[in-house]
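Here is my notebook from a browse through this model, friend.

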Amino acid sequence: MAEIKRRKQRLGNPDEIDEQAGLEIEDGEIEDDDDMSVDVMPMIPLRGLTIFPSMVLHFDIGREKSISALEKAMMMNQTVFLSTQMNPDLDLPTRDDFYRIGTVAKIKQMLRLPGDTIRVLVEGISRGEILEFVFEVPYFKCRVKEIPEEEHDVISPTIVALMRTVLASFEEYLNINPKISEDIFPSVASVEQPGRLADVITSHLDIKIEEKQQVLEAFSVEERLELLNSILTKEIEILNIEHAITSKVRTQINKSQREYYLKEQLRVIQEELGEDADIEDEITEWLVQLKKLQLPEGIHNKVEKEIKRMKKIQSSSAEGGVIRTYVEWILSLPWNKTTKDNLDIGVAETILDKDHYGLDKVKERILEYLAVVQLSKGLKGPILCLVGPPGTGKTSVARSIARAMNRKFVRMSLGGVRDEAEIRGHRRTYIGAIPGRVISAIKESGVNNPVFLFDEVDKIGADFRGDPASALLEVLDPEQNKEFTDHYLEIPFDLSKVMFITTANTTDTIPRPLLDRMEVLEVSGYTEEEKVNIAKTYLVPKKLKEHGLTKENLVISETAVRAIINHYTRESGVRNLEREIANVCRKAARQLVEKQRTAMRVNAANLEKYLGKKRFHYDKIEGKNEVGVATGLAWTIVGGETLEIETGVLPGSGNLVLTGQLGEVMQESAKAGFSYIRNRADSLGLPAKFHKENDLHIHIPEGATPKDGPSAGVTMVTSMVSALTGLPVRRDIAMTGEITLRGKVLPVGGIREKVLAAHRAGINKVLLPKENEVDIEEIPANVRRKLQFVLVNNIDQVLDEALVKDNALAGDKPKRTRKPAADKEVAPTAV
């Protein structure tokens, strides 16, 4: 009890002592052992900071445990133990994350800052060692043994010598280290205690925390001074090397180059490491590679000159990097690497037929090219332009062409390209300059004769950065591309061996000079029969494999495929057809898994269970012959369509009203047709002043869809004449053609798609311009056999064929009067 009372008096806070706890005291000193006292006190972990005895400094704390320890220490005797974390990045350290040796410190002052942060001013008292942790929550409390400083009545000569050496080294350190002021040296030199001198000097050094901790853990004064001396010696040596590098750099740069100071430092360091020898080896290797390429003399000399410039320029300089990139680009191009073409026409035809159904014109053109190459041995690659609606296989057939010819395939999309540099590259004067995408693609292919696809050439643009279409003229011109010069390379590269293929949805937006350099091949939309064959041969097996199904698991009947084509897609190609087949496969796969079924069959009857209600319904020409209603044919990007043009006669003053979102060209056709009718009023049996007493209203249904083009001219004239004369128009006839004021019928485009639409709608007879006779050969034979074609030169022939002159038959569907023979599919011109 006497011992406890004595310790209460020394702590000055007897209420904090639990008399029943014996020697287990909450905070404060609890025992003495050989002049070393053991205390239980709060501990605050330090990050990136080491505190020495007799050292006064402040630091900020913000962690909850540290704040709790600080508040506990302030409530007791203001004594706290400070220990440095081994890893300063840890936010929640444990007892194993601290150094065991730290500093017992007295809290002199604390100040609360915004943001739950406290600034603390402490004074180091003595070294201390953690014997054990009492607890870790809500703060660290540990049992600390204080380690007093060694006391020397008489300082030994060895220690005196070490003190002088350390002071001399520290003075030298201050002289060469600009980060620390030399003004602190007098105050440091005035310290007479050897241990404290070592601590003070160490606290001023810009060294690692681990090294400061080593000094803190050196209890022997002599050992501490020796350790400090070795640290100072090492730091002085490092600083001298840094000054040597800095001095060497400064002698090599002038005032205008000071901004590159750091880069020059790096260069000097590389020289010290002997890295310049690698540049010589690299230049030698480049020259060997250049010789192997066997380039033309002019190109060889230019590249060799650039390589030799590297010897005179520092490799780390900006110009050195530009030259290095330039040389590497030239040496990596396939100047003389060529793949051997597959000239076996039979093999090529087999590959093309295997990959694609139809596309006969494209296949025929490729086989012709292979035949000519086999005979001539030197024909330049053709430049083909595949034009057609989306999803018709233009891009995929280009891949098949490359495979059939045994060539590499590269592709570049031109959609939205507006910068000429995309084609020709950037000049080397610009930072970050690179070659154009043409040369880049040739490099990636690794050969100089790939099949090169320019996709979406009709969507190329132009702005203030140049016109990419004009840049393509040199690429796609067989007379110029033998010496195509990229702005970055500045040397010609031979593109004449490349087979260029372009794709487009329409030729209308392709610049004329560019279109003139290409051979246009129309890739028109597929017929229903072609789509069925494509689905059965390619799409269904492909989707079954992708979805982990087999033809035993899932059977998609032909009727289901036809239903998908007619009622769930409306396109010229097969892209959406492929998506819908994939949709069927996914739903079937789910049923197979959930219901544990082994096989399923999809047909037209149960198709709605997989794809929902029908989305499209193609017009079927049915019902009675009507007055003022004529059936026309139109071309759209997804194929042909039938148009029902309606005309109404109203009392009025001769106005012509046009509705249904008609474009300007279509409106002009209607006005021209109206003028023709006025001119031929007598022969048509109309009153001379019919146009002054009546208004005509022409309407084309589906008003939300814009419509334009001249091919509806004959249909609108027929509809107007029918409405004015009261003669009905035959429902089984469809027509197309442009008209003139004199009643001539001019040719139009899109005949194949328009005739397919007529066939799909149940039309029996199609009226076409006489000059479109050659286009009938492009129509599939199975469609030609089911339709009667009448070729007309003028509108009178159209009216003779389309109008029902016998009113008794007006309410009946007329019979077909003429059908082409099997060996002659084009009907004679109607009179």
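I count two strands as paired if DSSP finds at least two bridges between them. Helices (H or I, at least four residues) and strands (E, at least two) are DSSP runs, numbered from the N terminus. I am working with a predicted model, where local features need pLDDT of at least 70, side-chain atom pairs count only at pLDDT 80 or more, and totals for chains, interfaces and linings use all residues. Residues are numbered from 1 along each chain as its sequence is written, and side-chain values use heavy atoms, with hydrogens and water left out.

**Entry: β18 and its partners**

I looked up β18 and β23 (residues 733–735) and found parallel pairing over 2 bridges. Thr-631 sits opposite Ala-734 of β23. With β19 (residues 639–651), β18 runs antiparallel, joined by 8 bridges. There, Trp-635 has Gly-640 of β19 as its bridge partner. I also checked burial (buried is under 20% relative accessible area, exposed over 50%, partly exposed in between, with a 1.4 Å probe and protein chains only). In β18 (residues 629–636), 6 of the 8 residues are buried, so the strand is largely enclosed by the rest of the structure.

**Entry: the open sheet**

I then traced an open sheet of 5 strands, in the order β9-β10-β13-β8-β14 and with parallel pairing. β9 (409–413) and β14 (519–522) are the edges; each has a single partner strand, so one side of each lacks a neighbour in the sheet.

For angles, I use axes that are lines fitted to C-alpha atoms, for helices over the stretch in contact, and values from 0 to 180 degrees between N-to-C directions. Neighbouring strands of this sheet are turned by 20° against each other on average, direction ignored.

β10 (residues 451–455) pairs with β13 (residues 499–504) over 4 parallel bridges, and Phe-452 faces Phe-500 of β13. Helix α14 (residues 394–405) packs on the sheet and touches β8 (383–387), β9, β10 and β13, at about 165° to the direction of β13. My cut-off for contact is heavy atoms within 4.5 Å. Helix α16 (residues 437–445) lies across β9 and β10, at about 140° to β10.

**Entry: a helix pair**

Which angle do the axes of α25 and α28 make where they cross? For α25 (residues 713–725) and α28 (residues 795–802) I noted roughly 60°, with the axes coming within 10 Å. The contact involves Val-714, Val-717, Thr-718 and Val-721 of α25, with Ile-795, Val-798, Leu-799 and Ala-802 of α28.
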